[in-house]
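My notes follow in the order in which I looked things up.

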Amino acid sequence: MKVKIRKIFILVLLFAIIGVICFITIKNQINSSIKEKAFENIRVNIEQRKYNKIGDNLYYTNELIENKGRDEESILKYYQIISDFVKENFDCDIYISNLNYDVGKMYFNGYQMINEIIIEDVYFTITIQDNNVQSIDFLRNQFINEDIEKNNLLSVEEMNETASNVARENADAMLNSSNIDDINGEGYFKYDETDGVYYNVDLNHGSYIKINPKKGNVIHTYFFNGIIID
């Protein structure tokens, strides 16, 4: 009799476990379906980065000045000073990616630029004081003399379409709610020794997608919704 009761108890327990597993599976499928429907109408807007130039060798964007520049005229004056310095001492193109203020000094971070491709491996800081370049410090490699081209690449439109599809598929990883924010991106070319030339798309909250511009495949992604959990 005890053996029979034990068997019945084991069967009931087994059915209970199966039931819980089925419930969790169905719940996850429903949540996944709800999440997909919630984000399926999210718009993805990817624009090509627009560079401005000073002195035929210094590239910059308006966004940096708008976001961090206290006075546009002064920043453009500093850019001209940097352009002249680089032209005289190195004769190469550069891109200014960031700027910071200090007491009596300005710090400008940047990369080497070749054929409008940002060279990730050549990163530097230029210090300006009293309207003169005081120093240039290379944090990785110094300027390189290579001919890095953008030949036989897919069109920007094709790569933006790929990035848009991938971004939409991962919308839940970037957006806090389906009721806020579209996905906005900016595409531009970069180069490093590991991946060579690639097409980089910056997205919301520091997210990004890297695309092989010759084959069109995604080589790396990172998605973040801006929420930091302690």
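I take buried to mean under 20% relative accessible area, exposed over 50%, and partly exposed in between. The model is predicted.

**Rings, first look**

I began with Phe143, which has a relative accessible area of 19% and is therefore buried under that cut-off of 20%. I then looked up Phe138, and at 22% this residue is partly exposed. I checked the geometry of the two rings: the centres of Phe138 and Phe143 are 5.0 Å apart and the planes stand at 90°, so I logged the pair as edge-to-face. I noted that Phe138 and Phe143 belong to a cluster linked by ring pairs, together with Phe85, Phe90 and Phe124.

**Rings, whole structure**

I looked up the total and found 14 aromatic pairs in the structure. One of them joins Tyr51 and Tyr95, edge-to-face, at 5.5 Å centre to centre with 80° between the planes. Which parts of the chain does this pair tie together? I placed Tyr51 in the loop between β1 (44–48) and β2 (52–54), and Tyr95 in strand β4 (residues 93–102), so the pair ties together parts 44 residues apart in sequence. I recorded Tyr51 as buried, with 18% relative accessibility. Tyr95 is buried as well, at 6%.

**Charges over rings**

I found the charged end of Arg49 over the ring of Tyr188, 3.7 Å from the ring centre. I also found Arg70 over the face of Tyr101, at 3.8 Å from the centre of that ring.

**Nonpolar cores**

I turned to the largest nonpolar core, which has 47 residues. Which members touch the most other members? I listed Tyr79, Ile82, Ile94, Phe108 and Ile183. I followed up Ile82 and, leaving out residues up to four places away in sequence, noted contacts with Leu58, Ile94, Ile96, Phe108, Ile126 and Ile128. Apart from this core I found another, of eight residues, including Tyr59, Tyr111, Met113 and Ile118.

**Chain totals**

The chain has five helices and eleven strands. Of its 230 residues, 35% are buried. I looked at contacts between residues at least 6 apart in sequence, and 50% of these join residues at least 24 apart. I put the accessible surface of the chain at about 14300 Å², with 48% belonging to carbon and sulfur atoms.

Methods: Residues numbered from 1 in each chain as written. Predicted model: local features only at pLDDT ≥ 70, side-chain atom pairs only at ≥ 80, totals over all residues. Heavy atoms only, no water. Core = buried A, V, L, I, M, F, W, Y, C linked by side-chain atoms within 4.5 Å. Buried < 20%, exposed > 50% of the residue type's maximum accessible area, 1.4 Å probe, protein only. Contact = heavy atoms within 4.5 Å. Phe/Tyr/Trp six-rings, centres within 6.5 Å; stacked < 30°, edge-to-face > 60°. Helix = DSSP H or I, 4+ residues; strand = E, 2+ residues; numbered from the N terminus. Lys NZ or Arg CZ within 6 Å of the ring centre and 35° of its normal. Areas by Shrake-Rupley, 256 points an atom, 1.4 Å probe, with all protein chains shown as cover.
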